[in-house]
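My entries follow in the order I made them.

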Amino acid sequence: MALALRRTAAAVVVGLSAAALAPSACSSPEPLGTPQPATTSSGGGAGGDLFTTETDAGPPPLDASGLCGNQLHQIISDAPNVYFVIDASGSMSAPAAPGTSTTRAERVRKAVLTLVKDLGALINVGAAVFPADATEDDACLPGEQVMAVTPGDVEGTSTTFNKIKNAIDVVPFGGTPTSATLDLLRPGIGALSGRTVVLLVTDGGPNCNFDAVCDGDGCLANIEGCSGASCCNPGGNCCAPGQPAGPEGCLDSTATIAAVKAYADAEVPLYVIGIPGSETYADLLSQMALAAGTSQLAKPYYYAVGDLDNLGAVLAKIAGVAISCIFTVEDPPPEPGETNVYLDGAVLPADPEDGWRWMDPDLTRIELLGAACDALKSGKVKSVQIVTGCPTEPPK
């Protein structure tokens, strides 16, 4: 059923009709009818729609045909901000895997777009790339936001999808100014309303700090086995003053860990995701994850993606953590026992393991549980309806 969508910066308000319709007789909780598609002036109404943009003064009418319930509740669910910070350094143009022509950058872009499409209006989306507008003369320009946080697409639309598709379609070039980029983005990200998670995706070690000082063991050129210069010889340091890699070629460990910790201090979860090419810097990426407070329980503490086929699942897992399975009922029923939850038009039993439950005696909050919650977080559920007027569907 199509639902009207009203958004604020902090929440997705799913406007479900609170108008009571004439009740129909119910002699038993089975069988419950399937809610029929509603229509709105925005042209929505196809079965399975997630949300349609509200353009009139009220929520869409409820067609109660087949339902013995008589009240479709108005519910609220928060949509978190999922903000991507994507490495666009020159190494992202390397093949995604040996023998393939697809680049790392292309595979990352595909995984991001799949997530945005699958989760739709369940999330708000923003993105930045780093570096931004790098040139041969200045390969270390900090990154920048390429897409402000925007509500995800309602079912049947693709405005946000197309925006981020174009925004992150950049030609990889330059260094990896991770700390400078995170510092630059933090005030804006920290000022966002509602819950925010930051997904930092990188294929290498951070550099581009002109104030850095390192020996050969901390110089990316030497770490990655450069050749063609005397400083590349064992014991050399291509990041020493006057050498070709310069101080900006040092592994920027201290500043990057501090930049990540600043997000933790601001209570903004930042997840470190290392893709192929980053293996050499696993220790630093783990330190970053620990500083961010989002580390995994065992090494590597960051999210290590050795095969880019798995990146989409990792992104979905992290984004899913931020999606809430709790719905606030703005017009609670007078008593329990006559309310049912529908997922995509199918009744969901009040099962304590994989169904739903009331969270408080005032009947103001409903929580999806187990498999039902997992289905919502993965984007498999396109509509949630809470209806009062029939005996609650019991566990099977």
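**Helix packing and pockets**

I started with helix α3 (residues 178–190) and helix α5 (residues 253–265), whose axes lie 8 Å apart and pack at an angle of about 15°. α3 is therefore roughly parallel to α5 (angles under 35 degrees count as roughly parallel, over 145 as roughly antiparallel, 65 to 115 as roughly perpendicular and the rest as oblique). The axes are lines fitted to C-alpha atoms, for helices over the stretch in contact, and angles run from 0 to 180 degrees between N-to-C directions. Helices (H or I, at least four residues) are DSSP runs, numbered from the N terminus.

The model is predicted: local features need pLDDT of at least 70, side-chain atom pairs count only at pLDDT 80 or more, and totals for chains, interfaces and linings use all residues. Residues are numbered from 1 along each chain as its sequence is written, and side-chain values use heavy atoms, with hydrogens and water left out.

I noted the crossing of α3 and α5 as left-handed (the near helix is turned anticlockwise from the far one by less than a right angle; clockwise is right-handed). On the α3 side I listed T178, S179, L182, D183, L185, R186 and I189, which meet A255, T256, A259, V260, A262 and Y263 of α5 (contact means heavy atoms within 4.5 Å). By class this contact has eight nonpolar, three polar and two charged residues (Ala, Val, Leu, Ile, Met, Phe, Trp, Tyr, Cys and Pro count as nonpolar, Asp, Glu, Lys and Arg as charged, and the others, Gly among them, as polar).

Next I took α1 (residues 104–119) and α7 (residues 311–322), whose axes come within 9 Å and cross at roughly 45°. The two are therefore oblique to each other, and the crossing is right-handed. R107, V108, A111, V112, L115 and L119 of α1 make the contact with L311, G312, L315, A316 and A319 of α7. I count that contact as nine nonpolar, one polar and one charged.

Then I turned to the pockets (on a 1 Å grid over the protein atoms alone, open sets of points where a 1.4 Å probe fits, with protein on both sides within 12 Å along at least five of seven lines; lining residues have an atom within 4 Å of a point). Of its 27 lining residues, G175, N207, L220, E248 and G249 are the closest to its centre. Its lining has 10 nonpolar, 11 polar and six charged residues.

The second largest pocket has a volume of about 210 Å³ (the space filled by probe spheres set on the points, which are joined across faces, edges and corners). I found 14 residues lining the second largest pocket, with K117, D153, E155, G156 and T157 closest to its centre. α1 gives the most to this lining, with four residues.
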